Amino acid sequence: MKTFKLEATPREAFGKKASKEMRKQGLVPVVLYGRQPVELPLKGELNTGEKIVETGSGKGLIVSELTVTAEGVRKLIYSPDIFLVEIEIKGNKAVKAILQASQYHPVTDNLLHIDFLEVFDNKPIRMEVPVELVGHAAGVRSGGKLNQTMRKLKVTGLAANIPEKLAVNIDNLELGKVIKVAELQFDNIEIVSPKNSVVCMVKMTRAAQSAATSASK
């Protein structure tokens, strides 16, 4: 997985009014959700922009409220690729994370908000990975039409083991046949998308059907 470097600044002002003003300045509000539980009550002080979300049993998670520039995050948001994001927080240490969600204005489609999830080298993560069909389907050579029904698959694994793309070989995909999630397997990761979901298929076209009918006569 590629690495994307991003600079962030802790927030000091909160609320809708503050967020609106930030966006006017070309900034985007960001929330970084930590995944490392901390004991409560917390020993020591929180950094600027950080708060504790209680999870029960005397533990909590640190959530960081930050801002990034719209320009700085543009190539991350508007990209078909997936990234491991290294967030350099001003006045604090760098954090590894993945993009969890993004919110856009319903009319202008401008970026309004981003959620990141902290990543650790020894803890598995779950994310969607693009599917790339590789090869030339036998069914297409017979006159069928290839249809890719799933562009991404959900997988779980260590960040270091998650590939940029999931390559699916379609050379042996015959006319009228499908490839389902259950048929796929990749090293060091687990696919968690529904096993009966169809990833791709070769549809019968009128031309292929006519050819098959003629051949049977």
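**Exercise 1. Work out which residues of helix 1 are buried and which face of the helix they line.**

Step 1: Helix 1 covers residues 16–24, and its buried residues are A18, S19 and M22. Buried means under 20% relative accessible area, exposed means over 50%, and partly exposed is in between (1.4 Å probe, protein chains only). Helices (H or I, at least four residues) and strands (E, at least two) are DSSP runs, numbered from the N terminus.

Step 2: Look down the axis of helix 1: the buried residues fall within an arc of 100 degrees, so they line one face of the helix. That arc is taken from the directions from the helix axis to the C-beta atoms.

Step 3: Now check the face turned away from the buried side, where you'll find the exposed residues K16, K17, K20 and K24.

Step 4: The buried residues of helix 1 pack against strand 2 (27–33) and strand 5 (59–69). Contact here means heavy atoms within 4.5 Å.

Step 5: Just after helix 1 comes G26, with a positive phi of about 80 degrees.

A word on the model: it's predicted, so local features need pLDDT of at least 70 and side-chain atom pairs count only at pLDDT 80 or more, while totals for chains, interfaces and linings use all residues. Residues are numbered from 1 along each chain as its sequence is written, and side-chain values use heavy atoms, leaving out hydrogens and water.

**Exercise 2. Describe the surroundings of E118.**

Step 1: E118 belongs to strand 8 (residues 111–118).

Step 2: E118 is buried but has no salt bridge, meaning a side-chain nitrogen of Lys or Arg within 4 Å of a carboxyl oxygen of Asp or Glu. The nearest side chain of opposite charge is K93, 5.6 Å away.

Step 3: Setting aside neighbours within four places in sequence, E118 has contacts including L32, Y33, R35 and V95.

Definitions and conventions: Lys, Arg positive; Asp, Glu negative; His and termini not counted.
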